[in-house]
Amino acid sequence: MTLDEIWPLLGLRLTTPRLELRPLADDDIPHYVAAAAAGIHDHAPRTPFGRPWDESPDLAASSARWIWQARVRAERDDWAVMLGVWADGALIGAQDVVARRFPAERTIETGSWLRRDAQGRGFGTEMRLAALLWAFDSLGAEVAETTAYDWNAASLGVSRALGYQPNGESRHSPREGVVERELDLRLTADALRRPTWTLGIEGGEAAARFLGLR
């Protein structure tokens, strides 16, 4: 047997006009670490993340640990798929899709980041669309949720352009002594502003069966 046969999520491929998204394999981890270490944002001392993981002095090992932990979350009621985002053969970021109680609630959450030198080129919108089209059309999701701090114009701009609507707010402390206003956003499948291109999906049926969705 091949590893893709044992763990079918690793055979999933999502392709857009400029990008390929695929679950992070072990051989991808050094590329993931290098992309994150190259710099993600210019907001210091602020962080766009729930915690400033990209500032960790132990970035390499902690990234590997996080990827491995996410990989084993592949049960019907609790799963996380960490998709590496590739452009012209280089890993430029990551797009995560997470669900809890999915068979009952049909809701996913997304999170993402892009290497700083890949930002401002529309990749953030394209990779989010890939994740949403996969979730809505292949997995049967009905709602997608995401969050961003009120100052994160780039993330909020992508969400609004795709049809997300405000869904409340909360307070979050990403680091000691800092409290941020976090905006919640919600998108229904029928409200998604779809692209003119068609998402390519390879290994989608096997991935859905592995997640218990068939």
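1. Helix 5 and helix 6. These two helices are oblique to each other, because their axes cross at roughly 50°. Angles under 35 degrees count as roughly parallel, over 145 as roughly antiparallel, 65 to 115 as roughly perpendicular, and the rest as oblique. The axes come within 10 Å. Axes here are lines fitted to C-alpha atoms, for helices over the stretch in contact, and the angles run from 0 to 180 degrees between N-to-C directions. Helices (H or I, at least four residues) and strands (E, at least two) are DSSP runs, numbered from the N terminus. Helix 5 passes helix 6 in a right-handed crossing. A crossing is right-handed if the near helix is turned clockwise from the far one by less than a right angle, and left-handed if anticlockwise.

2. Basis. This is a predicted model: local features need pLDDT of at least 70, side-chain atom pairs count only at pLDDT 80 or more, and totals for chains, interfaces and linings use all residues. Residues are numbered from 1 along each chain as its sequence is written, and side-chain values use heavy atoms, with hydrogens and water left out.

3. Who makes the crossing of helix 5 and helix 6. From helix 5 come G124, T125, R128, L129 and L132; from helix 6 come S155, V158, S159 and L162. Contact means heavy atoms within 4.5 Å. The residues of this contact divide into four nonpolar, four polar and one charged. For this count, Ala, Val, Leu, Ile, Met, Phe, Trp, Tyr, Cys and Pro are nonpolar, Asp, Glu, Lys and Arg are charged, and the others, Gly among them, are polar.

4. Main core. The largest nonpolar core has 45 residues, and W79, I108 and L132 touch the most other members. Strands 4 (78-87), 5 (90-100), 6 (107-114), 7 (143-149) and 9 (178-188) each give two or more residues to this core, as do helix 5 (123-138), helix 6 (153-162) and helix 7 (204-210). Helix 5 gives the most, with 10 residues. A nonpolar core is a set of buried Ala, Val, Leu, Ile, Met, Phe, Trp, Tyr and Cys residues joined through side-chain atoms within 4.5 Å. Buried means under 20% relative accessible area, exposed over 50%, and partly exposed in between (1.4 Å probe, protein chains only).

5. I108 and the second core. Leaving aside neighbours within four places in sequence, I108 is in contact with W79, V97, V98, A99, F102, L132, A135, A141, V143, A144 and E145. A second, separate core has 20 residues, including I29, A70, W86 and V98. In soluble globular proteins, nonpolar side chains tend to be buried together.

6. W134. This tryptophan lies in helix 5. W134 is buried, with a relative accessible area of 0%. Beyond four places in sequence, W134 contacts L12, L14, V81, V97, L139, L199 and I201. W134 and T15 are 119 residues apart along the chain, with their C-alpha atoms separated by 10 Å.

7. Helix 2 and helix 3. The axes of helix 2 (residues 29-37) and helix 3 (residues 59-71) come within 10 Å and cross at roughly 125°. The pair is therefore oblique. The crossing is right-handed. On the helix 2 side the contact uses I29, Y32, V33, A36 and A37; on the helix 3 side, L59, A60, S63, A64, I67 and W68. These residues divide into 10 nonpolar, one polar and no charged.

8. The loop between helix 2 and helix 3. Not counting residues up to four places away in sequence, H41 touches R46, T47, P48, F49, D54 and R116. G39 is found in the loop between helix 2 and helix 3. G39 is buried at 12% relative accessibility.

9. Backbone points to check. Phi of R101 is near 55°, a positive value in a residue other than glycine. R101 sits in the loop between strand 5 and helix 4 (102-105). R101 is partly exposed, with a relative accessible area of 47%. Phi of R106 is near 50°, again positive in a residue other than glycine. R106 is placed in the loop between helix 4 and strand 6. R106 is partly exposed, with a relative accessible area of 24%.
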